[in-house]
Each structure stands twice: as structure tokens, then as C-alpha cells.
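Let's take a friendly walk through a protein chain together. Have a look at the model first, and then we will start with one residue and its neighbours.

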Amino acid sequence: MRKKSMTALLLSVTIILNCSNVFAKDDGVGLQIEMLPWEKVYKILPKYSKFTVLDVETGKMFHVQRRAGSRHADVQPLTPKDTSTMKKIYGGKWSWKRRAIIVIHDNQWIAASMHGMPHGAGALKNNFPGHFCIHFYGSQTHRTNSMDLSHKLMILKAAGKLQEYIAAADPFELIRAYVAGFKQQDPLIISAISLQPIDWAKKTHYVENMSLNRMTVLPFNDYTNAINLTVPVEIEWIDQQSNRKFFKGNIHLYRLSPTDPWKIDSNRFLKEC
């Protein structure tokens, strides 16, 4: 592919966060980012297939090979250079944090999510001690029979469908996504849910991990016509100094009308948390 065409494709990544369908067109190149289910991707990327990973946030690319995995793809960087690029994407240290990525294989661009922690066995001479996981829509973790929420949000982000998902989410889905946004230190996810505009990069930087331990889920009829809602929650979080903290209180949600999307009052949450 010519340099000009590749530049156009990479530039397209900068707009996927705000578009449902993304195309890159230059010199006859036209590609759409697809959000394909794992059942289809499993066949498109069989065992030992090689493909390219494009990180949405940084635009950095590296090459990998699928080595195993039935619920998701277990992959390894191809070369030491690919491992080095992947580690740079994660700021120089390996992490379980999820990241929105695009998998490029032949002429297909597929929305996906990866974490950045080497684990298990590895077979390639690549300076990568194990393998890492790439998830596609509908894929599952080893521990559960359901899709990991953080991976799901990153896949939606890569596909340009995050805003659409959040706009249609009920209050309790929204709270789960909000907490996941903190856990993944992702300002885009949180800002899409927040009632107030806040510099989330500064707020999320000190949160190493966050989990929703308990949430009171109300019957549908109790909130279907409401424009404000108070939801009791219990949240546990760990800061960068490994201090464990707990929040037992309420999350407050508002919307302009029963047909508008819910938003979380972040000012009250940050003040009380």
C-alpha cells in the first residue's frame, strides 16, 4: 500500500470515536470498520493466521499471530520489534487495561479490544513472555460465559458505536459502564456518560482499579417515566499507591425528558466518593 493511502487510513482513526460508520478513501482505497461477532472472526482469523493491530488512541501498529483460543483470540507479537511497539502503546509497562483496537486482515478492518499483559505460554522468538488476548464482539473471558463489559466498551469505541450504546443504555447499564471507564482510565467513556464536562484525564490518572460491588436495581416501572434517579451503590477502588478505598452512597442520574439519554451527576459523585 502506498504511503499516501496508509496515511489516509490512519487519519480515519481520529474520527471513529464520533462516527457510527467510518470510511477511509484516498487513491481508490475504501474501507469500513466492521463490528463482527466472534463466531465470524473465528473463521476469518484461524489458528496461526497473521494480522495487524492498530491502536485507536495512539495510531501505533504492530503485527501478531493467533496461536490459540476458543472463546477469544490468544495472540503473540510476531517479532521483538512488534513487542516493543506494543509495550510503548502501554506506556512502557505491561497492563491488564483494555484498549480499543482495529484488527487489519487483508481488506477487512475489524473492531476489537486487547489487554496488555503477557501470560500463559508463548512460542515465538519475540521477547514477549507468553501471549495476550484480543476480544471481538460476543467473545468471552476464560472465567465467564458472558462478554467482559470493559472489552465490550472498547469494541464499541473502536467501531464508532460507543455514543449510540450509551444513549440507549438504562440507568444501571450506564453506572456499570461509568465504573468500567474509571477502571480502564478511559476519559472518553466517562465523559460520554457524565452530566458535566470535566478534565477526566486528571481524574482517572490516580485510579488504578475500580469495581462495582453492589447496586440496587429498580423495577423498570419505577424509572421509565422519571427524569431523575438515585441509585444506591457500593464501590471499591484502588489508587496508584495501592491504597484500597470504599464508597457506599448514591449515584444520581438525570435526563431532560423520558425519551432523552440518562447522564450521571459526576460533580456529586466526585464530591461524595
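Leaving aside residues up to four places away in sequence, Leu253 touches Pro171, Leu174, Ile175, Ile227, Asn228, Leu229, Val231, Trp262, Lys263 and Ile264; a contact here means heavy atoms within 4.5 Å. This is a predicted model, where local features need pLDDT of at least 70, side-chain atom pairs count only at pLDDT 80 or more, and totals for chains, interfaces and linings use all residues. Residues are numbered from 1 along each chain as its sequence is written, and side-chain values use heavy atoms, leaving out hydrogens and water.

Leu253 and Ile235 touch the most other members of the largest nonpolar core. Such a core is a set of buried Ala, Val, Leu, Ile, Met, Phe, Trp, Tyr and Cys residues joined through side-chain atoms within 4.5 Å. Buried means under 20% relative accessible area, with a 1.4 Å probe and counting protein chains only. Helix α6 gives the most to this core, with eight residues. A second, separate core includes Val41, Phe62, Met86 and Val103.

| Core | Residues |
|---|---|
| Largest nonpolar core | 47 residues |
| Second, separate core | 22 residues |

In soluble globular proteins, nonpolar side chains tend to be buried together.

How many residues of helix α4 are buried? Ten of its eleven are, among them Leu153 and Lys157. Helices are DSSP runs of H or I with at least four residues, numbered from the N terminus. Just after α4, Gly160 has a positive phi of about 75°.

Conventions: Buried < 20%, exposed > 50% of the residue type's maximum accessible area, 1.4 Å probe, protein only. Helix = DSSP H or I, 4+ residues; strand = E, 2+ residues; numbered from the N terminus.
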